[in-house]
Amino acid sequence: MDTRLPSGNGQVREARRCAVVFKPSGRVIEVPAGTLLLDAARQAGVSIETPCGGYGRCGRCRVLVESGDVARRDTYHLTADEVAQGHALACQTQVQGSLTVFVEPREAISRRYRPQEEARAAQIALPLDGSFICQPSLRKLHVAVEGPSMEDNTNDFDRLGRDLVREYGVPRLRADLPVLRTLAADVRSANWDVTAVVDDEEPQLPQQWEEEMGETGVHMEGPTRLLAVEPGDTTGRALGVAVDIGTTTVVVYLVNTANAQVLDTASAYNAQISCGDDVISRIIYSQRGDGLNHLRKLVTDTINGLLDELAKRNGIELRDIYEMSVAGNTTMTHLFLGLNPKYVREAPYIPTVNLPPAVLAADLGIPIHPQARVKCAPGVGSYVGGDITAGVLSSGMFRTDKLTLFIDVGTNGEIVLGNKEWLITCACSAGPAFEGGGVKDGMRAIPGAVQEVWINSETLEPTCRTIGDLPPQGICGSGLLGALAEMFISGIIDKGGRMRRDLDTPRVRIANNIAEYVLVKAGEQGAKRDIVLTEADINNLLRAKGAIYAGFSVLVRSVGLTMADVEQVMIAGAFGQHIHIEKAIQIGLLPDMPWDRIKYVGNSSALGAYFALVCREARAALQAVARKMTYLELSADNSFMDEYTRALFLPHTDINEFPSVGRLLEQTRQKGTAAVKA
Amino acid sequence: MPVTVETPTEKWAGKVREITLGATAAEGGTRTSTVTVGGEGTMPFLHFEGETPHRPVVAIEIYDIAPQDWSPILMDYWGDVVNDVVAWAKKAVELGADAIALTLRGAHPEVNDRSPEDSARVVKDVLAAVGVPLIVYGPGAPDKDNEVLVAVAEATAGERLALGLCEQNNYRTIAAACMGSGHIAVARAPIDVNIQKQLNILISDMGLPLDRILMDPTTGALGYGLEYTYSVMERLRLAALQGDAMTQQPMICTAGHEAWRAKESKVGEGVPEAWGDWKERGIAWETVTATSLIEAGADILVMRHPEAVAIVKKTIDQLVAK
Amino acid sequence: MALTGLQIYKLLPKTNCKECGVPTCLAFAMKLATKSAELSACPYVTEEAKNELEAASAPPVRLVSIGADGRKIEVGNETVLYRHDKTFYHQPGLVVRVKDTQSADEIKAVADAVCGYCVERVGLSLNVDGVAIENASGDTSAFAKAIEVVGSNANVALVLMSSVPATLDTVMPMVADRRPLLYAADAGNWQAMAEVARKYKSPLAVKVDCGDLSALATLTEDITKAGVTDLMLDPGTRSMVDSLQAMTKIRRLALRKNFRPLGFPMISFPGEGASSPLEEVAAASQHIAKYGGVIVLDHFDPTLIYPLLTLRQNIYTDPQKPIQVKPDVYPIHEPDANSPLLITTNFSLTYFTVAGEVEASGVPAWLLIADSEGLSVLTAWAAGKFDAEKIKKAVQTSGILDKIAHKRLIIPGYVAGMSGEIEEELPGWEIRVGPREAVDLSSYLKSLRS
């Protein structure tokens, strides 16, 4: 089926003339019935963007038909409601009668198709999702204690404890020596009107979850620990921080645990990057001389820098922060705690500990309240760490009936499959390609990075959009993914990722014996130099997507299921933020399923750390999740290589796994591929 | 109590594609006989389950120059004919070759660096001398392969030769040459089901019809990876029967080349006594390699020793008998 | 039918107690599904679940063993039709037949040859498993004599072939402790045959004519009821195509339909349909690939046995294990002392790709394959199996030092970051970084030459 409609010239028997009015410009044109709306607009001098070349692929040419008859060949990218309202794709719509058409300003359209980065940076909506109630381990309890007398000569500590039991039901209170040393002065200087800062020793899992998850043994009633005594009633604000230690980026949320409000967030590159881009390089670095200590110091400095930034911006004292909740991958957690990660790397890949104990901030060189504890999310194995358990927690997949595939794509792709009954996980090495690494003009997703690409199927000319609409400097992950998909669909590369050298376009050229496609020429959009995608880059991207999809396949098969059984996909991590689902399916990175079953769950690791900070039950659930997750070691699984090779093709060796892409290719093929050099 | 056993028949959705090598005068070529392979609708030779309309065939491999690196056993057998490609081809047909596999080794830059035009002439000479279909291999140096096979394809347009090898990194030129001149492409993947299928897709995406693509899954000789080839072939055949259109190409295996590269058939001295007689061993090595591949689904066997060819052909007779 | 990991998981306690030795119940279930764990390792499984799981895991092809110590043939317990689906577990026994009409010397010569035959291949000793003695004379004392000649020989497995139960009953005391296979029960003699087999606790072959599987199943049902359960099947087909079809049907029925009456290993006679030893080899190679259990050959000749033993080793190699090549020095295009030296890992695909590209380049070179436990370059590097230390070891122990006169090593482009470390490990060496992709090797090597 040709998705490009013939325009009216000579092809329509009844050349009935129709007047088309374009708003807001008010231009009018008369065309024969059957004329493509896009052509009518062009004849009227109304500009409509068609980055895909009028193939009905990109949806950028949508218009609103306010009145009159049209015939829509394809309503791709439009919902039924939108069609009912009169929306249409100009390149897929024929004029059938006199019309009034509203052409949205270009900005409005590009906003609609912009990946939803802004939406994600917004505040976390409260209440969370119903699963979590604000019931933090860290609490502030105000008591106005009656001072001691000869009649009631109870000691200071028990006196405080007595009121805490009476008013708040706090079980067994305990305190460490530093707290006791200042207690007498603290209570008296406040004239016994004080706020006790306490936290729980052991997390608790609610009964209902226990039954759902078949978990027992985490439920324990522990003592309550007194961290500090503040004068007066300070219960309105109990500060904690949630920290996501990524291999690349560290994110800190400043949280008021009293109401679960995220007050502010800050992020920075992990300073360890100077010692290697990926976890393996860091582990290797940690084995040299003072390497481990140095790496520990670098990440601590990064966190402390962010804490300072937050403190300054919010006018708080670091001492007022009473808890730190951390999520990171196994290597990051090891390095943060100063544990030797050597055996994380070497077969059989064994971490020192999956569930690190809570430790005092002071012991880690973190300058928040010295009694504050740092609690790390537990991991499952060497390549599935606390960041993933935190993600499974915050995504809610551990409580759903639906068979869910959770993925976190970074240098390593971590994948979790399961539902509330069972969870299985694996990690596959995707390489840094999706983060812009190992790619000639790759870069991280920062302003100036090409993040969206369309290629006109006829002219093979690209249309690029950068983050922040700045002059292009390079291509970030989502741009690479988009470029790969577009080069594939437009026939610039074959299904094996090889660039065709017989195409009639100056965009494809050979440099240093390697074929490349020029995405942006120097001067275009203000670019200072050419930005290209080489055949070698394409191979790297293919390998990255192949490894991840192979991971899905092996995981799904390992429990005797098929990809078709998967009911929903959750994408986590920075990469997922900009991911264009349609493009990701076209290259075979994500399984082919209706887009509404694929959702982005944000920085689920940071969110998980945050939930564990503001909710004791979430902390307990983290442990339960870690305990029940089954870790599948792909290097011990021979079928991985087979699935990997299968996935090293566009979209996949078995096109039946990607029916929507198969249809798209068929349409494009019937239209005829790009121009070939004579 | 008598027990009744039902025949456990698998119902297959697909079958192997039929491919004819060689074209007669009526079909635009000059062959006096053609060979059709493929069409199987069952795992090999399970006649209770599906058809095997065409028997596997044996092509005898010859070189355009006297081979430098062949086992003495082979050189002794063939004698002087190896110096005359036309005589060699005729002799091979006399000895039962269903087709001739001609390797243009002389065109290799490090052998005789014979020009594409001269190589094409050699092919024409062999075509003139024998009536059976031809499979023509390039010298084994990618750039030269392309040059030589393009020349051969053009000089022999319409003969429906099989031309090889199309490989993952070098398939476009040869496939295009086949497309333009009515020949068949031999697509070789490195013992990998997925890469084989990918290669078939890539070649067919170029526009070469699927009934003009043969699969060469890469042969491992007995003792040298035979089991990998065996399993890859079984998997390809199963996929074909399950209806995967992109794995339904008939398979061609270079059993002779691989078996005679093995130490067992190449070396006669300083080997364990338990290996037995050298000559017999070499023939047995090629025979077992070839028959095992037939059991795995080979449609065309490219072989070297006529005594092994005779046994293999007899085995094929037995297997296709209903 | 075999259960999947998830199906088994639903029957387990789901407590993740770790007492079975794996971290979660799901992991344990997955191991059970691939038969790499025993249900008895779970202390908390319910009786109900146990029964269900055990019923599902009974082997569809019975494991039958012939012979005692020494060379014992153990066949059966197969779970797949195609080796790529899992693996073939128990390789067929190859035995050589003698007839009691042959002279004692002739018989002894064969028995000695079978007994003494041993050939080494990729580190394993390959042997012929046994001798079949056929009572071709019909005379019991001749049969006994032949058995004595063979039996005096070491511990090869024995197959005693006679259709007369009384004859077997007479000779069995001579070799009963060696648990020979009795061949064969048929429709006419099965009661008495079963009695002999039961008396001496020997495995028994069951034979019908011309691939009549209904008759075969009827017989095995009867014999099983008579108390003999270690059976082997001879469907009576002799031509290659008939054998292939009958043996495929039997294996399929056992595996796909869980059809117990034919859930036994098979015995076959490739020589009986062949007109020359080489044809017998062709037929025997079919039986090795296609479901043979005991293969009785009529010729013994190292020339013919060696290929068959090799084929058996090939077909019964576990395809699930990563394909490795031997860590070694591989010369390509007759390199000399000044030819370049490249190193990579011993994952077979890595090796074949690199070797193929070097070969295609036409540049003579040494390819050094380090032991990375079958991992590819990046995976091996990540897992610490292809590090500076391993590379040093490969260089120093492979024997390459005797072959080259230079100290330049080309490493894969993907591990360029290691070149400094390697230079530390190998003082005096120049480490050159090759291309990342094998496909670029040809131009790289040519550029070295110019």
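Helices here are DSSP runs of H or I, at least four residues long, numbered from the N terminus. Keep in mind that this is a predicted model, in which local features need pLDDT of at least 70 and side-chain atom pairs count only at pLDDT 80 or more, while totals for chains, interfaces and linings use all residues. Residues are numbered from 1 along each chain as its sequence is written, chains are lettered from A in the order in which they are written, and side-chain values use heavy atoms, leaving out hydrogens and water.

**Helix α18 of chain A**
- Among the buried residues of α18(A) are A:Ser604, A:Tyr610, A:Phe611 and A:Val614.

**Where chains B and C meet**
- Chain B brings 52 residues to the contact and chain C brings 51; contact means heavy atoms within 4.5 Å.
- Together the two chains bury about 4,500 Å², 62% of it on carbon and sulfur atoms. That buried area is the accessible area (1.4 Å probe) that two parts lose on being put together, summed over both.

**Links across the B–C interface**
- The rule finds six salt bridges here, each a side-chain nitrogen of Lys or Arg within 4 Å of a carboxyl oxygen of Asp or Glu.
- C:Lys290 pairs with B:Glu234 in a salt bridge, with the closest N and O atoms 2.8 Å apart.
- On the side of chain B that touches chain C, α7 (226–241), α10 (278–296) and α11 (306–320) of chain B are the elements giving two or more residues.
- Of these, α10(B) gives the most, with ten residues.

Key: Buried means under 20% relative accessible area, exposed over 50%, partly exposed in between (1.4 Å probe, protein chains only).
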